[in-house]
2 protein chains.
Amino acid sequence: MVTARVLDVLGAFTEAAPELGLTEIARRTGLPLTTTHRIVGELAAGGALDRGDDGRYRVGLRLWEIAVLAPASTMLRERAMPFLEDLHEVTRENVALAVLDGAEVVYLERLSARDAVSIVSRSGSRLPVHATGVGLVLLAHAPPDVVEQVLARPLRRFTPHTVCDPARVRAALGEARSSGFVISDRQIEDVSLSVAAPVRDRSGRVVAAMSVVVRADGTNPHTYVPAVRAAARGISRALGATT
Amino acid sequence: MVTARVLDVLGAFTEAAPELGLTEIARRTGLPLTTTHRIVGELAAGGALDRGDDGRYRVGLRLWEIAVLAPASTMLRERAMPFLEDLHEVTRENVALAVLDGAEVVYLERLSARDAVSIVSRSGSRLPVHATGVGLVLLAHAPPDVVEQVLARPLRRFTPHTVCDPARVRAALGEARSSGFVISDRQIEDVSLSVAAPVRDRSGRVVAAMSVVVRADGTNPHTYVPAVRAAARGISRALGATT
DNA sequence: GACCCGGCTTCCGTTCTGCGGAAGACTCGA
DNA sequence: TCGAGTCTTCCGCAGAACGGAAGCCGGGTC
């Protein structure tokens, strides 16, 4: 059970709490202080965690080095980067790439833009599928059981505009399938909307989605659709898709 | 000792071998097959590894999510990205960001360019400090004991141009300190050279280096120096440096 | 300066988890 | 069909991991 505890300890670190003291790690994992102390010390000895001058722990470079070998990073994120950068350059807006994981999307990359709307996601962030453009795209092309799993639970409302009615989400999924893109308007925050499109691999399966996230200020989001879809298709080709 | 073994198993994955079968993991770690099987299974259960349809293991998304919380990723790479992208855009060349780790540099980010020279490094890659522009910059500003540690061992030669003579490396370090940049010419491969500059944090310490990597085709590399230094200074300011 | 509190470190008797060799199942190529 | 290589399962044993208790340390307050 040490392996599970090691992963629990590593999992104690979050976007909101990327650096933690020993006591806090013990609290978050439910492990006794002594046990936590031992495991944390061993992880630090191995480079998976670093301890700062302030006594707090952070994820270490060694773990990062190993983790970037994940296919999501190498086969997906790296190959997508040139297209994300292209879209970033021509639109001057935030650009993101995400994959589906259960009922959430995980952001593999997010390129922010200086004058663009400030957004909550970053590399490694998770957000619920129903409330994001990339999430709706991924769900639209997920197996039916995944859709059912997502819609079986109450959907979280982030803004007055967040669509939480399963029937309306289903309708949005149908629309995504037929149109090939999603416009997700003020679902997470009142100030931003995103335009998302699917990324396919060589077998035609949708393995990721990418989006541009812009200020919800009245600008017609449809103007971004061609560029987003083109970039998504470019990534798909880089992944070996043939259409 | 399980923690160390867990890290050994994860460390079996490399840039050259990002996906491995059970037997190969056991071989690389020196662990008995049964032990490896158990640890790998536990890591897969926790999402740190994924097992493909082909029976081989890869680093899992969950580990990646945790690992991107490393300060190198959040405090350094993310803050550097806008400046890396700027330099990438204006030069149309490969751009990289790296940190020092022992006698090697670890690349935090590498933006490749379509028509640029193909280079060997990518995110997570390691290369020896003496043979890279970013490495010489980092070494130039490292504590003296680090310099001694690096120069105490034979330096690896990659091309006929690789500088392996400690005296010449010391001279290069001195030059880097006084000029504020490094031009590393055909040290790793015969076809490329890099121009690198230091990135400082709020205390003035050099915590990273960035570079542009271009084709060694006679173009005067000095033309890139102002832009690289400007981008490095921009990153430094983003990290709180005051000069 | 004394005291308190919270965080962290060390000790050590106990226990239960991890160990790994052996045997067998499975897959693939010849 | 057979052999080789890979992977899976079993299980008795031992030592690695456990975690409560005691103590150390540093910072803040009076």
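**Close-up views of a predicted protein–DNA model**

**View 1. The interface of chain A and chain B.** Chain B and chain A bury about 4400 Å² between them. Carbon and sulfur atoms give 63% of that area. On the side of chain B, B:Thr3, B:Trp64 and B:Leu69 lose the most area to chain A. Together they make up 16% of what that side buries. The contact draws 54 residues from chain B and 54 residues from chain A. This model is predicted.

View 2. Ten salt bridges are found between chain B and chain A. One of them joins the side chains of A:Arg122 and B:Glu78, at 3.1 Å from N to O.

**View 3. The side of chain B that touches chain A.** Several elements of chain B each supply at least two residues here, including helix 1 (2-11), helix 4 (61-67) and strand 5 (104-111). Helix 5 of chain B gives the largest share, twelve residues. By class, this side has 27 nonpolar, eleven polar and 16 charged residues.

**View 4. The protein around DNA strand C.** DNA strand C is surrounded by 17 residues. The closest are A:Met1, A:Val2, A:Thr23, B:Thr35 and B:Arg38. Of the atoms of DNA strand C that come within 4 Å of the protein, 72% belong to sugar and phosphate.

**View 5. Phosphate oxygens of DNA strand C.** A polar backbone atom of A:Thr23 lies 2.4 Å from a phosphate oxygen. For A:His37, a side-chain N or O atom is 2.7 Å from a phosphate oxygen. For B:Arg5, a side-chain N or O atom is 2.7 Å from a phosphate oxygen. Helix 2 (22-29) and helix 3 (33-45) of chain A, with helix 1 and helix 3 of chain B, each give two or more residues to the surface near DNA strand C.

Conventions:
Residues numbered from 1 in each chain as written. Chains lettered and ligands numbered in written order. Predicted model: local features only at pLDDT ≥ 70, side-chain atom pairs only at ≥ 80, totals over all residues. Heavy atoms only, no water. Contact = heavy atoms within 4.5 Å. Buried area = accessible area lost by both parts, 1.4 Å probe. Salt bridge = Lys/Arg side-chain N within 4 Å of Asp/Glu carboxyl O. Helix = DSSP H or I, 4+ residues; strand = E, 2+ residues; numbered from the N terminus. Nonpolar A, V, L, I, M, F, W, Y, C, P; charged D, E, K, R; others polar. Near = heavy atom within 4 Å. Polar contact = N/O pair within 3.5 Å; in protein donor to acceptor, adjacent residues only side chain to side chain.
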